[in-house]
Amino acid sequence: HYNRGNYERAVEIIKQYVEGKTYEPTTLYHMGLIFQASGDHLRSRKFLEQAAQSAFELGPLTVEKIQEALRNS
C-alpha cells in the first residue's frame, strides 16, 4: 500500500499487525517511512531513531537513508 501511495491503509496495517510486535531494524525503518509519508512526524522520528540505533545490522546505505529521513521529519 505504501508503494502505491495508499499511506492511510499502510498505517492501519502497521497499527494492527506490526507496531509493538517486532523490533527488527528494517521493519522499524519502513514503519518510520510510512508514518512520515502519512504526516505523523513524531511517530516517524521515533521509529527512525530506533532503527538508527541498529546501524550495524542495516548497513551504510540504509543508515544514510535513515539520516536523510530524520532530517526531513
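Predicted model: local features only at pLDDT ≥ 70, side-chain atom pairs only at ≥ 80, totals over all residues.

Reader: Thanks! How far is the backbone oxygen of G32 from a polar atom of the side chain of S44?

Author: The distance there is 2.9 Å.

Reader: And where does S44 lie?

Author: S44 is part of helix α3.

Reader: Is S44 buried or exposed?

Author: Buried: its relative accessible area is 0%. Leaving aside neighbours within four places in sequence, S44 is in contact with G32, F35, Q36 and S73.

Reader: Okay, tell me about helix α3. How many residues does it have, and how far does it reach?

Author: Helix α3 runs over residues 41-52, which makes twelve residues. From first C-alpha to last it reaches 16 Å, close to the 16 Å expected at 1.5 Å a residue.

Reader: Which residues of α3 are buried?

Author: In α3 the buried ones are S44, F47, L48 and A51. They sit on the same side of α3, because they cover an arc of only 100° around the axis.

Reader: What covers the buried residues of α3?

Author: The cover includes α2 (25-38), α4 (55-58) and α5 (60-72).

Reader: Nice. Switching to the largest nonpolar core: which residues touch the most other members?

Author: That core has 16 residues, and Y29, L48, A51 and I66 touch the most other members. At least two residues of this core come from each of α1 (7-18), α2, α3 and α5.

Reader: Which helix gives the most to this core?

Author: α2 gives the most, with six residues.

Reader: New topic! Where is E19?

Author: You'll find E19 in the loop between α1 and α2.

Reader: What does E19 touch?

Author: Setting aside residues up to four places away in sequence, E19 touches I14, M31, F35, R43 and F47. With R43 there is a polar contact from side chain to side chain, at 3.2 Å.

Reader: And how far apart are E19 and F47?

Author: In sequence, E19 and F47 are 28 residues apart, and in space they are 9.8 Å apart, C-alpha to C-alpha.

How values were computed: Residues numbered from 1 in each chain as written. Heavy atoms only, no water. Helix = DSSP H or I, 4+ residues; strand = E, 2+ residues; numbered from the N terminus. Expected span 1.5 Å × (residues − 1). Buried < 20%, exposed > 50% of the residue type's maximum accessible area, 1.4 Å probe, protein only. Arc of directions from axis to C-beta. Contact = heavy atoms within 4.5 Å. Core = buried A, V, L, I, M, F, W, Y, C linked by side-chain atoms within 4.5 Å. Polar contact = N/O pair within 3.5 Å; in protein donor to acceptor, adjacent residues only side chain to side chain.
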